Amino acid sequence: MGSSAEFFQHLMNGLTLGGIYALIALGYTMVYGILKFINFAHGDILMVGSYIGLFIFDAIRGQSLGPWTIIAFFIAMLGGMIFSAGLGMAIERIAYKPLRKATRLAPLLSAIGVSFILSNMAAWMWGTKSRKLEYPFDNSPLYIGEVSITPHQILILIVVIVMMISLKLFVDRSRIGKAMRATSLDQDTAKLMGIKADRIIAITFAIGSALAATAGFLIALEIKVYPSMGTMTGLKAFVAAVVGGIGNISGAMVGGILLGLLETFGVALLGIPYGLRDTIAFVALIIILLVKPEGLLGKVEKEKV
Amino acid sequence: MILLETTKLTRAYGGVIAVSQVDFQVREGLITGLIGPNGAGKTTLFNNMTGLDTPTSGKVHFNGTDITRHHAHTICRMGIARTFQNIRLFKELSVLENVMVGLHFTTGKSPTKGRVAAVVRSYLKAKQEYDLMHEQAMRWLEFFKLDGFADELAKNLPYGHQRELEIARALATEPKILFLDEPAAGMNPLETDSLMKTIRRIRDLGITVVLIEHDMKLVMNICDTITVLNYGQNIAQGTPAEIRHNPKVIEAYLGKEEA
């Protein structure tokens, strides 16, 4: 294999991984943008979403492969998204909203608590054995020149791109998106403009959680599903959000993709041992905090007078 | 007709009483001035009438409805809008978008309820809603001759225009009553003159205006009635001429003459 083909191969792998990180990072960054709070249960919402998607898919896909399989795949994904959206809103309502006026540490601790509750519940209900989405489609790689790309990767890339574009359009162009941006800039003033800030916050949690469920379902396709899958994935996506500039939607996309590429190229080209792959994200975090603490696309926040 | 009224409104922060037993009335169609030395409780009174703060005791009635403990967004939707002493625009949004945020709920009226429905609807009708909001927002910008700045970020506007934009944004919520907190602060005499004209034009739209202001020329010129607060208490109210000659007011501003 030629070196340029090898390069593109890793690029594709990095982009798919990075796209998944980006989807998750969006949830962290959107919630942070509005509430200045890190939802540490986000990774576990992802885990629940992927289980639900997996169950729906197993229930409806039937035995034989066919066009129905791909429709069932998307129905299952949508099911996981809706369930996670509801779960995210419920968690916000029960565990975070009552603490909004408390110290900033309180909702953070509450989030860590929710995270443990979700992963323990999942282990208790569904067992700790990891599951995988049964390969529904032929996953033998396609070759473009010397670069191989699997149908799964294509599927992941398409889903990620569609999600990102819709989110960006929604936030930039729709009425509710505008209200979200206004609420994140100044909640009190937004309320005085007749915006129901509480509802906007709930919608933000719903959207973030749905994106996480999508990412989880894609992980189920490529890797596997287990009760503690949200912990490391969530942490890395959080790092991606910080690297991109937390609170900034484009930043989360850039940060996620960058992190995916770093991990792939770090192992493949820089010769970082595979066992140290998970440390790449955190080294990147430390570097960015030292060099550009506000993140790549973040703005330095001035203290309000 | 009295449009808005506070009865024995008191707001205490711990032991400090910012506003004490204030009865304050706003009559429909008039420009009402609220004046008083620094720290007299004017902004606190504003905050308590617009839902940003909740009174310790006392009541606020708007159009006959008790709104004392209503949420800020509910009060806005009933028809009360305001601006701030220190301009609070959405600095990172464009001039046009700032006004569009003010249009948020007037555009969003629909029988469909619920969060999911709202998101889906917003998605499906995004283009239509956006065009409608765009058109209405441009009309408000034209009212203030700000239409040339529509796509600028709000933070890049000159100071005087930022004040006007904040008023435009408040007006976009279609208020019955508009509260202006020191609208002339930091303005030069020329800008203040233009502001006076603007406030009269707003009144001519049928909107009741209440303003806090330190610029006495402006207050005496455009207000139909003035209320004076001092140490959190309502010490006088009347026409500009009455207020100018009220001994209590003179004392509040200049201090008591030493015997």
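In this predicted model, B:R201 sits over the face of B:F143, 4.1 Å from the centre of the ring. Another arginine does the like in chain B: B:R88 lies over the face of B:F84, at 4.5 Å from the ring centre.

**A tilted pair in chain A**

- A:Y51 and A:F55 make an aromatic pair with 5.8 Å from centre to centre and 45° between the planes.
- A:Y51 is buried, since its relative accessibility is 0%, and buried means under 20%.
- A:F55, on the other hand, has a relative accessible area of 27%, so it's classed as partly exposed.

**An edge-to-face pair in chain B**

- B:F46 and B:F179 have ring centres 4.8 Å apart and planes at 75°, which means the pair is edge-to-face; the cut-off for that label is over 60 degrees.
- This pair ties together distant parts of the chain: B:F46 is in helix α1 (residues 42–50) of chain B and B:F179 is in strand β7 (residues 177–181) of chain B, 133 residues apart.
- Both B:F46 and B:F179 are buried.

**A cluster in chain A**

- Four phenylalanines, A:F57, A:F73, A:F74 and A:F217, come together as one aromatic cluster.

**The sheet in chain B**

- Chain B has an open sheet of six strands, and if you walk across it the order is β6-β7-β8-β3-β9-β10, with mixed pairing.
- At the edges you'll find β6 (80–82) and β10 (233–238) of chain B, each of which pairs on one side only.
- From one strand to the next, the twist averages 20°.
- Strand β9 (residues 225–230) of chain B runs antiparallel to β10(B), and five bridges join the two.
- To pick out a bridge by residue, look at B:V228, whose partner in β10(B) is B:A236.

**A helix on that sheet**

- Helix α8 (residues 189–204) of chain B packs on the sheet, where it touches β3 (31–35), β7 and β8 (208–212) of chain B.
- The direction of helix α8 of chain B makes about 150° with that of β8(B).

Note on methods
Residues numbered from 1 in each chain as written. Chains lettered and ligands numbered in written order. Predicted model: local features only at pLDDT ≥ 70, side-chain atom pairs only at ≥ 80, totals over all residues. Heavy atoms only, no water. Phe/Tyr/Trp six-rings, centres within 6.5 Å; stacked < 30°, edge-to-face > 60°. Buried < 20%, exposed > 50% of the residue type's maximum accessible area, 1.4 Å probe, protein only. Helix = DSSP H or I, 4+ residues; strand = E, 2+ residues; numbered from the N terminus. Lys NZ or Arg CZ within 6 Å of the ring centre and 35° of its normal. Pairing = 2+ DSSP bridges. Axes fitted to C-alpha atoms, helices over the stretch in contact; angles between N-to-C directions. Contact = heavy atoms within 4.5 Å.
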